[in-house]
Amino acid sequence: MGTELLLFYAFGAIAAAASLLVVLQRNPMHSVLLLIVSFCALAGLYIGLEAPFAAVVQIIIYAGAIMVLFLFVVMLLNAHREDEVDVGARPVRGPLRAGAVLAVVLVAELAWALVRAAGTRGGALFAGAGADPAALQSVRTLGNVLFTEYSLAFEVTSILIIVAMIGAVVLAKRES
Amino acid sequence: MVPLGHYLILSAILFGTGTIGVFLRRNVITVLLSIEVMLNAVNLAFIAFGRTMGSVDGQVIMFFVVTVAAAEAAVGLALVIALFRHRESLNPDMFTSLKW
Amino acid sequence: MLLLIPVLPFLGFLINLTLGRRLAKTVSGGVACLAMFGAFVVSAASVWSLVQMPPAERGVFLEVAPWIESGTLSLPFALRLDPLGSLMILVVTGIGFLIHVYSTAYMREERDSEYARYFSYLNLFAAFMLVLVLGASFPVMFVGWEGVGLCSYLLIGFWFTKTSASDAGKKAFIVNRIGDFGFLLGMFVVWTQFGSLDFQDVARLAGQLPPEATFGTISLATLLLFVGATGKSAQIPLHVWLPDAMEGPTPVSALIHAATMVTAGVYMIGRNAVLFGHAPETLAVVAAIGVATALMAGTIGLVQNDIKRVLAYSTVSQLGLMFVAMGVGAFAAGIFHLYTHAFFKALLFLGSGAVIHALAGEQDIRRMGGLRKELPITYWTFLTGALAISGVPFLSGFFSKDEILWKSFSGGHTFVWGVAVVASLLTAIYMFRLVFLTFHGEPPSAGSGVPAAGASHAVAGNDHDSGGGHLHDAPPAMAIVLVLLAIGSVFAGYIGVPAVIGGSNRIEHFLAPSFAAPGLEPGGEEGASPAEARGEMSHASEPKGEGGHTATGPANEEGDHDTELLLMAFSSGIALAGIGIAVFFFLRRRDAAARTAARFAGLHRLLLNKYYVDEVYDAAIVQPIKRTSDRALWRVVDAGLIDGSVNGAGSLVNGASAILRRLQTGSMRAYALSVFVGVVLILGYYVWR
């Protein structure tokens, strides 16, 4: 018990800190790399939640593909430095401050709401015995469910990917 | 056992962090990164809830969210490239010509 | 068959309206005259068959079509022919036909399309007038009433390019409209009171009521109807349009403003004799206005210098006498005078038309003179008409006018009789002033504008502009008509020779059933009426209207006879005296006229300016309306309120959108913020719960 909690705090702290640094870093390249760290921490959390498939997917797709894409773009656009002052940019201070304040409010709200929701379930934090065997065969179960119950969503998602692909190609094409 | 509430609070913190990033950063790519952070926070919450309910649905949803995030990142970055070509700047506040 | 009477002229109207401009003048004029002649023949045939019926049943009813059917309200389009109607249709179609023939020559100088337009209007007028006369109920009569008003407008303003003509047309129409409003209100009151608008029904229902002692519903209804009559028949206070209406072509003045349309008011009262008979208050008003108008118009006519204006005021004055007859309950006498007046007034107008035609547009009698030798036919027919209108014994006018005077006197309305006598005197004076100044004496010198013989004829324009013309007498079409009308003026009166001098007063007997309440049989045919039965037995000098007269016993007959003969002699004397005065002032010693005018200069000016009635109306009514319309209605209501609210709505939207569009800052973050705010709020709401 204690180990799990400890591990949770560890990974949780890493994830939170990395995310915070992502937001605060000046260099976008550093932000991307820090985000990868955050993803790894989250993967660890998923394993703790007995969702190994989710953890692996997170690493492979998120950290492996998407972040690499981000890196490509960052390097392509030479965005190593963040421009402090852009001539002609309208400084939008109002939304910035309001947004920041609201973010804090949101966090508080969410936390409170979610905890209460969790609390009202009578403290049944983790379900009964059927959990462990299910987790061991999580991939099998996941595949089963994915291709039977959620097969429509699956197919639609494949269409979504194709569309996104086409869209990305069209948008990024150099006008000739 | 880690209480569900812990996971949820962590998720809330991550989400808030992402939101701050959206509002505060002056680099479009960093804004997109902040959005990814938010999506991850949501994934965490889903998995946690799935685990709590003993069903695999949480993971299914997370799976789809990741897929969508990937598509969205691809298109978003393509847009960034197109915008950069236009204005030579990555500051979102530079692109305000749709105002009244 | 009855339907053909108004339909034939209407067909003529349609033909001339559509094909007219492409037809030669002979054809379009011929079509119009043929239509009128056809209507006359059918009318004569209808009247003939009517006369064959026994007197108690003289009525032909024809429902043409159901017209307004709404709930319990049923107003069919129906025509009815009875003795009164038969006299009217003969007058309208007969004299109308003659005037159509006259017009073919008079209007010859117009372009083909204008010629056809003239005849189309003239035929349309005849059609509407016949509908008016034959209508079996108030609404049908009103259709005709409005229709003749329209045609009057069209024909007065026939030469609409001339401002004064189009103004006169508008004036006629608008003043008529005021009267029509009264007519409509009267119709509504009749409907409310009696539940029916059919003339026979109303007469029957009214006949069952006692005459009203005070001002009640019937008096209200009849008074409103009389307002309509004052408008249509140019009585005070709505008489102002008739003199201006002389802007129209002279045949129009003859037909519409002498013989037919203006008599519609008199006819309407005659048609509703029973109703009016039950409203003695209204009858008193009718007589009062009639006699006042007769006097006023007579005085004005005395000093006017335009030949047509004199005749116009004469018409107004004679109409006043007809209303006097109606007012004292002598309905048959009023209609009789209507009938004889149609002959000689039309004759006088057409004669004046011949004069104007010959003088190429000159209408001022001060510039005329000595035409007796140049225009013999015109002169002799005109003289006949003048003698008839003055009431010289044994011409038609004598019989009809005398009948009116006798009925007023014997009915006890001595004051009315007196004023009517004065009006008759004035009639004789101004008519013969006209005759002498126009036809007698010396032609004025060349400098005053009389054209020299041999100059070319003038082209079309307003009643032939002055310009050159050679003095020729009326062309055959016009001359024949003048002669026929002259014969009529002499002999037409013989259907009404009063019993006292040996006649049988056929017209009064003939018309009597129309003025009596029908029997108790519903709708349709005339039933036997007690009043009519009485009429057959008593002497001819008893009126059939409900003027409160009863058959006097034989003992008083002798006294009445003597009085009647005395009065007849008196009115003859008045007529001759009037002619004598005219002879003195205008034949023998013209300077005396000028000196009298100078001595009473103020009075002369007052009369010349028609008592300034038009000016008073203008100041009291027209100008305030104009000012109100301009300042209040236009500026405040229209421009301010209506435009303001419409424009205001627009500018309101404009302003609101100017404020709202600032939301679109173009900054992505601001949009993200708004989404975020929404999320927070919704979440907060659920947290609250």
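Okay, hi everyone. Remember that we're looking at a prediction, so let me start with confidence. Chain B has an average pLDDT of 87, and 98% of its residues score at least 70. If you go through the elements of chain B, the lowest mean pLDDT, 86, belongs to helix H1, residues 4-24, while the highest, 91, belongs to helix H3, residues 57-87.

Chain A is another story. Its average pLDDT is 79, with 72% of the residues scoring at least 70.

Now, how do chains A and B meet? On the B side, 66 residues are in contact, and they touch 78 residues of chain A. The elements of chain B that give two or more residues to that side are H1, H2 (28-53) and H3. Which of them gives the most? That's H3(B), with 21 residues. By class, the side of chain B facing chain A has 43 nonpolar residues, 18 polar ones and five charged ones.

The axes of H2(A) and H2(B) come within 11 Å and cross at roughly 5°. Angles under 35 degrees count as roughly parallel, and therefore H2(A) and H2(B) are roughly parallel to each other. If you want to find the contact on screen, look on H2(A) for residues including A:Leu35, A:Phe39 and A:Leu42, and on H2(B) for residues including B:Leu33, B:Val37 and B:Leu44. The contact of these two helices has twelve nonpolar residues, three polar and one charged. The H2(B) list includes B:Glu36.

A:Glu50 sits in the loop between helix H2 (28-48) and helix H3 (52-76) of chain A. What is its phi? Near 55°, which is positive, and this residue is not a glycine. Most residues other than glycine have a negative phi, so that's one to click on.

What about chains B and C? That contact takes ten residues from chain B and ten from chain C. The chain B side splits into five nonpolar, three polar and two charged residues.

Let's stay in chain C and look at its strands. S1, residues 60-70, and S2, residues 73-81, run antiparallel and are joined by nine bridges. To get your bearings, C:Glu63 stands opposite C:Ala78 of S2(C), and C:Ile68 is opposite C:Leu75. The hairpin has two residues between the strands, and C:Gly71 takes a positive phi there, near 65°.

Next, two helix pairs in chain C. How do H4, residues 112-134, and H5, residues 138-156, pack? Their axes are 7 Å apart, at an angle of about 155°. Anything over 145 counts as roughly antiparallel, so that's what H4(C) is to H5(C). The crossing is left-handed. On the H4(C) side the contact residues include C:Phe125 and C:Phe128, and on the H5(C) side they include C:Trp145 and C:Val148.

One last stop. Which peptide bond in chain C is cis? The bond from C:Ile236 to C:Pro237, with omega near 0°. C:Pro237 is in the loop between helix H8 (217-232) and helix H9 (241-244) of chain C.

How values were computed:
Residues numbered from 1 in each chain as written. Chains lettered and ligands numbered in written order. Predicted model: local features only at pLDDT ≥ 70, side-chain atom pairs only at ≥ 80, totals over all residues. pLDDT = per-residue confidence, 0-100. Helix = DSSP H or I, 4+ residues; strand = E, 2+ residues; numbered from the N terminus. Contact = placed C-beta atoms within 7 Å. Nonpolar A, V, L, I, M, F, W, Y, C, P; charged D, E, K, R; others polar. Axes fitted to C-alpha atoms, helices over the stretch in contact; angles between N-to-C directions. Parallel < 35°, antiparallel > 145°, perpendicular 65-115°, else oblique. Left-handed = near helix turned anticlockwise from the far one by under 90°. Pairing = 2+ DSSP bridges.
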